[in-house]
Amino acid sequence: MTKAVVHLQSPDVPEGSFATQPKAIYRAGTRYCRIEEWPDTEHGIHGLVVINEPDTWLVNLMTKTAQHQVDSGPTFNCRLPIFALGENIKSSADMQNPLVELEFGRELAYFEEKGAASGPGPTLEGKTTKAYKVEIADSQLLLFTSGTPEKPVAVARQHGSKRDVYWYGTYEEVPFDAKLFAKPEGVKIEDAK
């Protein structure tokens, strides 16, 4: 199971705002995903997403409420697109967009599948990095890794004059914990309509 803790840096997002706060992301295969957000006291939300395909729970820990959804299939794959925010995703066909295929927990595999060669990267967060680059439509995607085995330090999307960067504070393989993907307890759950 992969655990990553990331935070966003973007010219569209004010520094110190909720959108820049770290998120803990867990992924185990294609069935299990989890996203833990920091509390957003301004909007009364402390978000938690638990995916145990075909079930998904969207939880607000602040109000102790949750929405439950069941994936109707035919295939069950939890998806964690990195740059999906702001993209127009309305159907499963939109998930085939090469930009949306770049997912948390699958960063290096994505760049390798696209044929990106590695080269020396800059020193980031005090770490010597390797850099990978691919061009997708109007975007240049960059992955910076460090260590052996390679782990992401940052992933960036350059489009026009704008660069969005997810910085990785943690990226590690940890033992699978089924409790992280279980039906949330202590919250009122409603089935989504």
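Predicted model: local features only at pLDDT ≥ 70, side-chain atom pairs only at ≥ 80, totals over all residues.

1. The disulfide. A search of the whole structure returns 1 disulfide. The partners are C33 and C78, with their sulfur atoms 2.0 Å apart. C33 belongs to strand β3 (residues 32–37), while C78 sits in the loop between β6 (65–70) and α1 (107–113), so the bond ties together parts that are 45 residues apart in sequence.

2. Geometry and setting of the disulfide. The torsion about the S-S bond of C33 and C78 is about 65 degrees, and the disulfide is therefore right-handed. C33 is buried, at a relative accessible area of 0%. C78 is buried as well, with a value of 2%.

3. Salt bridge R27–E103. The count of salt bridges comes to 8. In one of them, R27 pairs with E103, and the closest N and O atoms lie 3.0 Å apart. This pair links distant parts of the chain, R27 being in strand β2 and E103 in the loop between β6 and α1, 76 residues apart. R27 counts as buried because its relative accessibility is 4%; E103, at 6%, likewise counts as buried.

4. Salt bridge K130–E150. The side chains of K130 and E150 also meet in a salt bridge, at 3.5 Å from N to O. K130 lies in strand β8 (residues 127–136) and E150 in the loop between β9 (139–146) and β10 (151–159); the two are 20 residues apart, and the pair links distant parts of the chain. K130 is partly exposed, at 38% relative accessibility. E150 is partly exposed too, with a relative accessible area of 24%.

5. A salt-bridge network. D12, K162 and D164 are joined in a network of salt bridges. Within it, D164 and K162 form a salt bridge whose closest N and O atoms are 3.9 Å apart. D164 is buried, with a relative accessible area of 9%.

6. A buried lysine without a partner. K23 is found in strand β2 (residues 23–28). Which side chain of opposite charge is nearest to K23, and how far away is it? It is E37, at 4.4 Å. Since a salt bridge requires the nitrogen and the carboxyl oxygen to be within 4 Å, K23 is buried yet has no salt bridge. Leaving aside neighbours within four places in sequence, K23 is in contact with A4, V5, V6, E36, E37 and W38.

Terms used
Residues numbered from 1 in each chain as written. Heavy atoms only, no water. Disulfide = S-S within 2.5 Å. Helix = DSSP H or I, 4+ residues; strand = E, 2+ residues; numbered from the N terminus. Buried < 20%, exposed > 50% of the residue type's maximum accessible area, 1.4 Å probe, protein only. Lys, Arg positive; Asp, Glu negative; His and termini not counted. Contact = heavy atoms within 4.5 Å.
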